[in-house]
Amino acid sequence: MAKHVREWLLTEAMGKPRLDDLFYKLCVRLTGIGLPVARARLNWPTLHPLFRAEMISWHRGERRARLDHFHHQDANTDAWQKSPLRYMVDEALPIFRRRLAGPEKLTDFAILEELADEGYTDYVAFLSGYEQPGLFLNSRHAGIIVIWTSDRPTGFTDEDIDILEQIQRSLALVCKSVIQAEITTNIVETYLGRQAGRSVLEGNIRLGDGAKTRALVWYSDLRDSTHLTGSLSSDDYLALLNDYFECAARPAIRVGGEVLAFIGDAVLVIFPLEEKPEGECLTACVLDAVAESFRMRDQVNARRREAGLDTINFGIGLNVGEVVFGNIGVPERLAFTVIGPTVTEVARIEKLTKTLDTNVLATDHVARLMPGRWASVGAHRLDGVEEPKELFTPLDAGDAALKTAAE
């Protein structure tokens with residue numbers, strides 16, 4: 001019967017299973033062949049900007065397994081430092097077994113005593129390491145740890161343990177395949193953005209691969225960057241940049257924007273746009289994001305002033321038009337970005353926010369998507385553009401969006 005479970009696991013590896021769904025089905029199958037599993041955990045480290053590890057939890061009688069994430073700051077928590085899993089990783093133990101009841105009871109970790117108090121009788125964990133070159137440094141373990149817990153009075157038999165050990169090898173192969181694919185996606189989307197990352201993973205990796213699309217483009221640039229780079233240490237300037245990027249990019253991301261590039265101290269965001277009704281809704285969201293961006297700026301600056309640090313200020317330019325969304329560069333080193341007059345113009349538009357006494361400027365193409373929400377600031381010539389363009393500033397995006405941050 002265990003052979004059928006292993007074969008099922010290997011068949012699953014050929015597809016694209018979700019690990020939480022796969023682990024749930026595995027637990028159900030194991031109880032179906034008579035293994036006294038009442039509780040199970042699947043743990044693995046990951047490579048993600050927010051999370052250091054992930055875990056799937058299953059309890060007998062539940063209709064699904066639960067996926068949880070552990071943040072990087074959780075690495076030094078007391079619970080992890082004093083856990084059996086940390087002990088297994090540090091000592092490179094392939095198996096860890098503890099009886100939680102009876103004459104052989106041994107609860108030398110706090111979590112084991114808690115499980116014993118809850119009525120569990122046996123605890124066994126298996127560690128399977130595998131190679132993921134370059135991903136896990138500084139003693140980070142690459143592989144999976146699976147914990148099986150029983151509440152049967154006699155716990156697991158030797159035959160049960162043997163079956164679980166055989167299952168572990170097949171499960172590790174499936175997990176390696178799935179986790180590696182997830183890590184690849186995490187890396188690509190972190191550095192390229194979700195839409196661009198998915199396009200690359202779908203095979204658009206050649207020079208010139210791309211497509212034309214209509215989009216609303218958001219461009220933000222930090223003010224006084226020359227002065228700041230000359231007066232701040234590299235660490236202080238990096239911290240200031242990250243504060244600025246959080247203000248200039250986070251609100252845009254929340255309303256569906258795709259950050260395509262951090263260009264020095266500038267941010268380029270794209271909102272794909274197809275139809276006018278969709279454009280009206282999107283523009284409303286973008287205006288809300290603009291207001292939120294400058295509210296965040298004011299909050300960040302209040303904290304920075306209190307700490308005696310330099311404040312940040314920036315402008316935002318908005319434009320709508322056709323862009324080319326795809327790969328540029330040379331075959332050996334590509335960048336996935338947007339190009340075209342719409343992008344060139346929006347950078348010039350943002351530059352004018354420094355001289356037109358407003359922090360937000362948009363073209364008439366943007367203003368036409370939501371009439372009545374904009375005030376004209378007149379026609380202005382953009383560097384490299386022959387005809388002057390009428391520019392607009394939002395009427396009701398909030399006062400913070402229209403004023404320079406107080407010094």
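Biologist: Is Asp122 buried or exposed, and where does the class come from?

Modeller: The class rests on relative accessible area: buried means under 20%, exposed over 50%, and partly exposed in between, with a 1.4 Å probe and protein chains only. Asp122 has a relative accessible area of 0%, so Asp122 is buried. Please keep in mind that this is a predicted model, in which local features need pLDDT of at least 70 and side-chain atom pairs count only at pLDDT 80 or more, while totals for chains, interfaces and linings use all residues. Residues are numbered from 1 along each chain as its sequence is written, and side-chain values use heavy atoms, with hydrogens and water left out.

Biologist: With which residue does Asp122 form a salt bridge?

Modeller: In general, side chains of opposite charge can pair when their charged atoms come close. The rule used here asks for a side-chain nitrogen of Lys or Arg within 4 Å of a carboxyl oxygen of Asp or Glu. Asp122 meets it with Arg97, where the closest N and O atoms are 2.8 Å apart. Because Asp122 belongs to strand 5 (residues 122-129) and Arg97 to strand 4 (residues 95-99), the pair ties together parts that are 25 residues apart in sequence; helices (H or I, at least four residues) and strands (E, at least two) are DSSP runs, numbered from the N terminus. Whereas Asp122 is buried, Arg97 is partly exposed at 26% relative accessibility.

Biologist: Which residues are linked with Arg97 and Asp122 in a network of salt bridges, and how many salt bridges does the rule give?

Modeller: The network links Arg97, Arg99, Glu104 and Asp122, and the count of salt bridges comes to 18. Among them is the pair of Glu113 and Lys105, with 3.9 Å between the closest N and O atoms. Both of its members are partly exposed, Glu113 with a relative accessible area of 30% and Lys105 at 41%.

Biologist: Which parts of the chain does the salt bridge of Lys351 and Asp383 link?

Modeller: The side chains of Lys351 and Asp383 meet at 3.6 Å, N to O. Lys351 lies in helix 11 (residues 341-352) and Asp383 in the loop between strand 13 (374-380) and strand 14 (389-394), so that distant parts of the chain, 32 residues apart, are linked. Lys351 is partly exposed at 47% relative accessibility, and Asp383 is also partly exposed, at 47%.

Biologist: How should I read a nonpolar core, and which residues touch the most other members of the largest one?

Modeller: A nonpolar core is a set of buried Ala, Val, Leu, Ile, Met, Phe, Trp, Tyr and Cys residues joined through side-chain atoms within 4.5 Å. The largest has 40 residues, and Trp218, Tyr244, Leu318 and Trp374 touch the most other members. Several elements supply at least two residues each, including strand 7 (210-222), helix 10 (276-306) and strand 10 (314-330). Helix 9 gives the most to this core, with nine residues. Another core, of 37 residues, lies apart from it, and Leu30, Phe126, Trp148 and Ile179 are among its members.

Biologist: What is a surface patch, and which residues form the negative one?

Modeller: Patches gather residues with over 30% relative accessible area and no salt bridge, joining like charges within 9 Å and nonpolar side chains (Val, Leu, Ile, Met, Phe, Trp, Tyr) within 5 Å. Asp and Glu count as negative, Lys and Arg as positive, and His and the chain ends are not counted; a charge is placed at NZ of Lys, CZ of Arg, CG of Asp or CD of Glu. The negative patch is formed by Asp158, Glu159, Asp162 and Glu165. Asp158 is in helix 6 (residues 158-192) and is exposed, at 64% relative accessibility.

Biologist: Which residues form a nonpolar patch on the surface?

Modeller: Val324, Ile328 and Ile339 do, with about 200 Å² of accessible area together, as given by the Shrake-Rupley method with a 1.4 Å probe, where for residues only the protein chains shown count as cover. Ile328 is placed in strand 10 and is partly exposed, at 34% relative accessibility.
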